[in-house]
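Here is a briefing on one protein model. Keep the sequence and the 3D view open while you read.

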Amino acid sequence: MDAAATPNANSTCLAELQRAAQHKLGGCLLRLQQYEQLLKAMVVGMNLEGEPVQLQAARDARVASVQKTTLGGLVGLFTGTYLHTEENAAASEQETDNSPGDRLWVSYQQRMVMSAECHEAIKVELKELVDLRNELVHHLLERFDLGQLDRCEAAVAYLDASRATIDRHYQTLRNWTEQMDHARTLMASFMDGGAFKDLLFGAITPDGQVHWPASGIVASLREAEQALVASGGKENWIVLNAAIAWIARQHPDQMPKRYGCSSWRQVLHESRQFEVMKKTPTPAQGAGPSTGTVVCYRSRREE
């Protein structure tokens, strides 16, 4: 009686182990897919560049390009673009800027900098994850004969260990994602503030220094010069008061105080982008002899 029951008990146990193996394999593969989805999102958001009007199209193209990328390909993009050694990060800072000089160009990049030893260790671990994924998808049945009780038990133990490894990698990637999202939030907050707008539109750094050649107020003075000049001759001078009135209509946010200056004459002096002279106004300029002199300016001529 007991001898006859043993085969049935073994069959029942084998069937339960087979179901457990199937369930655990499915759990591993689902977690791997979640890992791939998270990694794809990180790869898409790591860097972006182009003209502002083309950024969304560039991002859409990047999304499409990674959709069919394998886990191995995603890991290669991730380790080559986001993870940097200290040496590589220093070298990338010295790379030549290839952005076009005649158009507004936006370039954005996120990265994690670490020691060479840490970088190599992460690459090794990620390669092991890719190898594990390929083993589960392509070679599990070659390695374990699920028709044998002992091999089915070994498969269940292997799948438990595999799930623990995958979960560890997934949690690490989630931590990296949270760090990336936090950095984006900080950047968005900065870009929405006055300091970034001053830097972008006024060429004013957070410490108050002005890069005058690229500043918005110098650009406004040049625009006023072009708009008010009567002819294309090189000796044309623009009356500063006329330029101030023109800028007040066209660019009311461009004021000397924004750039740490008390007057427009100080802007002309501090920027060193213009020649300045005083001359007696003509009746056509709306001033009589009693008004004395007026300040005029023009862009500096290159030698």
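Ile238 has Tyr297 as its bridge partner in strand 7. That pairing belongs to an open sheet of three strands, ordered 5-7-6, with antiparallel pairing. The model is predicted: local features need pLDDT of at least 70, side-chain atom pairs count only at pLDDT 80 or more, and totals for chains, interfaces and linings use all residues. Residues are numbered from 1 along each chain as its sequence is written, and side-chain values use heavy atoms, leaving out hydrogens and water.

**The sheet**

- Strand 5 (residues 238-239) is joined to strand 7 by two bridges, and they run antiparallel. Strands pair if DSSP finds at least two bridges between them. Helices (H or I, at least four residues) and strands (E, at least two) are DSSP runs, numbered from the N terminus.
- Strand 6 (residues 274-279) is joined to strand 7 by six bridges, also antiparallel. Met277 stands opposite Cys296, and Lys278 has Val295 as its bridge partner.
- Strand 5 and strand 6 are the edges. Each has a single partner strand, so one side of each lacks a neighbour in the sheet.
- Helix 8 (residues 216-228) packs on the sheet and touches strand 5, strand 6 and strand 7. Its direction makes about 100° with that of strand 7. Contact means heavy atoms within 4.5 Å.

**Strand 7**

- Is strand 7 enclosed or open? Six of the six residues of strand 7 (residues 294-299) are buried, so the strand is largely enclosed by the rest of the structure. Buried means under 20% relative accessible area, exposed over 50%, and partly exposed in between (1.4 Å probe, protein chains only).
- In a regular strand the side chains alternate between the two faces of the sheet.
- Val294, Cys296 and Arg298 point one way from strand 7, while Val295, Tyr297 and Ser299 point the other way.

**Nonpolar cores**

- The largest nonpolar core has 40 residues. Those with the most contacts inside it are Tyr35, Leu39, Phe78, Tyr82, Leu136 and Leu173. Such a core is a set of buried Ala, Val, Leu, Ile, Met, Phe, Trp, Tyr and Cys residues joined through side-chain atoms within 4.5 Å.
- Two or more residues of this core come from each of helix 1 (2-45), helix 3 (71-81), strand 4 (112-114), helix 5 (116-143) and helix 6 (149-191). Helix 1 gives the largest share, eleven residues.
- A second, separate core has 19 residues, including Trp212, Leu221, Ala224 and Phe274.

**Leu136**

- Leu136 lies in helix 5. Its relative accessible area is 3%, so Leu136 is buried.
- Leu136 touches Leu25, Cys28, Leu29, Leu32, Tyr158, Leu159, Ser162 and Ile166, not counting residues up to four places away in sequence.
- Leu136 and Ser162 are 26 residues apart in sequence and 8.8 Å apart in space, C-alpha to C-alpha.

**Helix 3 against helix 5**

- The axes of helix 3 and helix 5 come within 10 Å and cross at roughly 170°. Axes are lines fitted to C-alpha atoms, for helices over the stretch in contact, and angles run from 0 to 180 degrees between N-to-C directions.
- The two helices are therefore roughly antiparallel to each other, a term for angles over 145 degrees.
- Leu71, Gly72, Val75, Phe78 and Thr79 in helix 3 meet His119, Lys123, Leu126, Val130 and Arg133 in helix 5.

Definitions and conventions: Parallel < 35°, antiparallel > 145°, perpendicular 65-115°, else oblique.
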